[in-house]
Every structure is written in C-alpha cells, then in structure tokens.
Amino acid sequence: MREPGAPLPDLAIEARGLEKTYRGAGKSPPKQALKGIDLAIPRGSFFGLLGPNGAGKSTFINILGGLVVKTGGQASIWGFDITADPRNARGAIGIVPQELNMDPFFTPYESLEMQAGFYGVPKAERRTDEILDAVGLLDKRDAYSRTLSGGMKRRLLVAKALVHTPPVVVLDEPTAGVDVDLRKQLWAYIKTLHARGVTIVLTTHYLEEAQELCDTIAIINHGAVIACEPTPQILRRLDKRTLVIVPQTALEAPPPALADLDAVLRKDGALAITYGSGARTVEGLLDRVKAAGVAIKDLSTEEPDLEDVFVALTSGQ
Ligand code: ADP
C-alpha cells in the first residue's frame, strides 16, 4: 500500500516499451500483439484508448490486470510496477471486462462480497450495498445472477470492479451490445466516479464514444500507439469529409482546375473530393466544381471511416 501522506503519483498508468508476443498455438505462428507501447496516463484523466478490432487494446488492458504476461518493456499502475509489485499494482486498478462472465448461482450481493474478499477488503470497510445502489442494483441484491438482464449483468461487472475502491478504473469496450438507456446510465455513473477523482480509461472502437467522454485520446493500431493527444486536437486531425459528386457526363480524370484539391475519380465515375470541414465549405467546393465545367447530377457527403483514418495516420499522411 501507499504510505499514508505520501504524494499521489502524477501518472495513473505508465507503459514504456510494453511488448506482447503470443506464442502460436499448434502450427500457427507467434503473434506480436504489442510492439513497444509507450503511454503516460495522467492521474485524474478520462482517457480513451481507441483502435480497430485486433489493435491490441485488450492485450494492453489484460497485462495491466495481470491476466496476460508481458514479454517485454515495463508498466506501472499508480506508481507500482506490475512485475515488481503486482499486489499493489492490481489493488490500484479496477477492470470492467468485455465479456459477461459471471457465476449464475450467486446473487449480486454475494458476488460483490466474494470479490471484496478476493481483494482482502476487511468486512468493516466493505461498501457492498452502497455500490449496488450506485449501479442501480440494490433491488436485485438477492436475486440470482442468471435472472438478471444483460444490462443488469453489465452493471454488476462495473460494481465488481469497484469493490476495492480503486483509484483507476478501466472499461474494456463497455458499450458493445448495450442499449442506449443503459449506456446513458453507465456513463452517468462513470462520470460521477471521474468527478470524484477516479482516473478512467476507456477502450473503444467507436470514435464518437471516445470523443464525447474522453479528455485525451490515444490511437492504437497493429500493436503500436500512433497518436496520443488532447481530444480536440486529435479530432481536428480526423476531421475529414468526402464530397461525392456524380457528374452529368462521364469524366476521364479529375478536372485539372481542381488539382489543388484532394480529388479522385472513382471506378463508378463519381468525383470524390476529400476536405477538412474546418477549412472549406461544401458550397465553396461546389462552386469550384461547377467552375471547372462539371455539371452535377447527384451529390452526397461521406464521414471518415475510422479504418481509413488509422491507415492515414500510420502511413504518416
Ligand atoms: P483489440 O482488443 O484491440 O481488439 P486484442 O488485444 O484482442 O485487440 O488482439 C491483438 C492481436 O493479438 C490480434 O491480432 C489478436 O488476434 C491477437 N491475440 C489476442 N489474444 C491472443 C491469444 N490469446 N493468442 C494469440 N493471439 C492473440
């Protein structure tokens, strides 16, 4: 445990050159899931770890939680090295896992009490009813888990991650398959935790979710951090739209008059112009297109595909 009165760490989580290579099962080759992750997550932040499926987010989280053993580099939680001081490191973090894996024969009350026992929380310090109340499950306190709805189970997982009052809470893809109401409820509660000073780390492959909640976003792709910036800054980089124009008469190539724009001619004959919405207006672009002699038959706009953004960022565009 941290000495009473000791200063709080500046970083809730720190990773330096963190690596993981999974040994291949059977004939499958080894898989390098993390290729030297460097991340510094400040105490008190609401931090988003964003990346497509297979990027390495869960591997990172599971290393922090002690479920996966790193093969290189270092990580610490609340100043405790996960290898040198695993007990304290694990005691400082609460992880809400993706899967709904819980024992159907225990009640929410029993599940939380067991979890508290697992973390060595003395009986006098347990806050089981308070936590159940906070996640809206107090009236289900003594119901069997198998009788709970999916949303209730999800909330029970959040509750389980909180029994030892960790200063750092990690949510691994918390809203995958969760309905809108529950999502709102979950976020409201997570926000109150954050307001109380808890550091929140959220992994997601939804840009919108990260954008709405997080003050800082790190983007991870193919096991490497490719960007880590305050949210507004990263959004500016992702702020691209594409204007798709179907011309009246087929074009052979993008008009030379539009050479200064990011304009391409698609296979289906559409002229696609990608632009930063902060920098240009659709109206201005349409004027340019018309001035270039293109008669417009139809038009639409496209939002950026996160996958494209990852590709763009990784290739250094
Ligand atoms: P994410 O959480 O971002 O979707 P993961 O951390 O689950 O990514 O996976 C990262 C990469 O590691 C993927 O290519 C995945 O297939 C691979 N991987 C994950 N777990 C294992 C494992 N137990 N054995 C082998 N490869 C794994």
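**View 1. Residues surrounding the ligand in the predicted model**. The shell around the ligand consists of Tyr-22, Lys-31, Ala-33, Pro-52, Asn-53, Gly-54, Ala-55, Gly-56, Lys-57, Ser-58 and Thr-59, a residue being counted if one of its heavy atoms lies within 4 Å of the molecule. By class, 4 of these residues are nonpolar, 5 polar and 2 charged (Ala, Val, Leu, Ile, Met, Phe, Trp, Tyr, Cys and Pro count as nonpolar, Asp, Glu, Lys and Arg as charged, and the others, Gly among them, as polar). The model is predicted: local features require pLDDT of at least 70 and side-chain atom pairs pLDDT 80 or more, whereas totals for chains, interfaces and linings use all residues. Residues are numbered from 1 along each chain as its sequence is written, and side-chain values use heavy atoms, without hydrogens and water.

**View 2. Backbone atoms at the ligand oxygens**. A backbone N or O atom of Ala-55 is placed 3.1 Å from a ligand oxygen atom. For Gly-56, a polar backbone atom lies 2.9 Å from an oxygen atom of the ligand; for Ser-58, the distance from a backbone N or O atom to a ligand oxygen is 2.8 Å. Of the 560 Å² of accessible area that the ligand has on its own, the protein covers 61% (Shrake-Rupley method, 1.4 Å probe). Strand S2 (31-42) and helix H1 (57-64) each give two or more residues to the shell, and H1 provides its largest share, 3 residues. Helices (H or I, at least four residues) and strands (E, at least two) are DSSP runs, numbered from the N terminus.

**View 3. Packing of helices H5 and H6**. The axes of H5 (residues 150-161) and H6 (residues 180-195) come within 11 Å and cross at roughly 15 degrees, where axes are lines fitted to C-alpha atoms over the stretch in contact and angles run from 0 to 180 degrees between N-to-C directions. H5 is therefore roughly parallel to H6 (an angle under 35 degrees).

**View 4. Packing of helices H3 and H5**. Helix H3 (residues 108-118) packs against H5 at an angle of about 25 degrees, with the axes 9 Å apart. These two helices, H3 and H5, are therefore also roughly parallel to each other.

Terms used
A polar contact is a pair of N or O atoms within 3.5 Å; within protein, one must be able to donate a hydrogen and the other to accept it, and residues adjacent in sequence count only if both atoms are side-chain atoms. Angles under 35 degrees count as roughly parallel, over 145 as roughly antiparallel, 65 to 115 as roughly perpendicular and the rest as oblique.
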